[in-house]
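Dear colleague,

Here is the structure I promised to hand over, and my notes on it follow directly below. Please read them with the model open beside you.

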Amino acid sequence: MFIHFDSDKGAECDNCGTPGTVMHMSVLRVDQTVNLCIVCFGALAQAFSRASEKLRIHPAQLKH
């Protein structure tokens, strides 16, 4: 997987169609690419942040 953070005024966001992107992700194994605008990238970052909080193990959850 290759992730490139750079603005591309000529590309459209694959999620919402807005012109201009800030992230290009290429997954070579499945020959897929994804381009995201700043708004959609922000939504993706928030989703990952919430998911990582759900995966966090709190000390009270550990069994001794």
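The structure holds one aromatic pair, where rings of Phe, Tyr and Trp (its six-membered ring) count as paired if their centres lie within 6.5 Å, and where planes under 30 degrees apart are called stacked, those over 60 edge-to-face and the rest tilted. The two partners are phenylalanine 5 and phenylalanine 41, in an edge-to-face arrangement with 5.6 Å from centre to centre and 75 degrees between the planes. Phenylalanine 5 belongs to strand 1 and phenylalanine 41 to helix 1 (residues 38–55), so the pair ties together parts that lie 36 residues apart in sequence. Phenylalanine 5 counts as exposed at 53% relative accessibility, whereas phenylalanine 41 is partly exposed at 25%; here buried means under 20% relative accessible area, exposed over 50% and partly exposed in between, with a 1.4 Å probe and protein chains only.

A word on the basis of these values. This is a predicted model, in which local features need a pLDDT of at least 70 and side-chain atom pairs count only at pLDDT 80 or more, while totals for chains, interfaces and linings use all residues. Residues are numbered from 1 along each chain as its sequence is written, and side-chain values use heavy atoms, with hydrogens and water left out.

Of the 64 residues, 16% count as buried. The largest nonpolar core has six residues, namely Cys13, Met23, Met25, Leu36, Cys37 and Cys40, a core being a set of buried Ala, Val, Leu, Ile, Met, Phe, Trp, Tyr and Cys residues joined through side-chain atoms within 4.5 Å. Leaving out residues up to four places away in sequence, leucine 36 touches Cys13, Asn15, Thr21, Val22, Met23, Phe41 and Leu44, contact meaning heavy atoms within 4.5 Å.

The whole structure has zero disulfides, a disulfide being a pair of cysteine sulfur atoms within 2.5 Å. Cysteine 16 is in none, and the nearest cysteine sulfur to its own, that of cysteine 37, is 3.7 Å away. Cysteine 16 is partly exposed at 43% relative accessible area, whereas cysteine 37 is buried at 4%.

Finally, glycine 20 has its place in strand 2 and is partly exposed, with a relative accessible area of 22%. Its C-alpha atom is separated by 6.2 Å from that of cysteine 37, 17 residues apart along the chain.

With best regards

Conventions. Helices (H or I, at least four residues) and strands (E, at least two) are DSSP runs, numbered from the N terminus.
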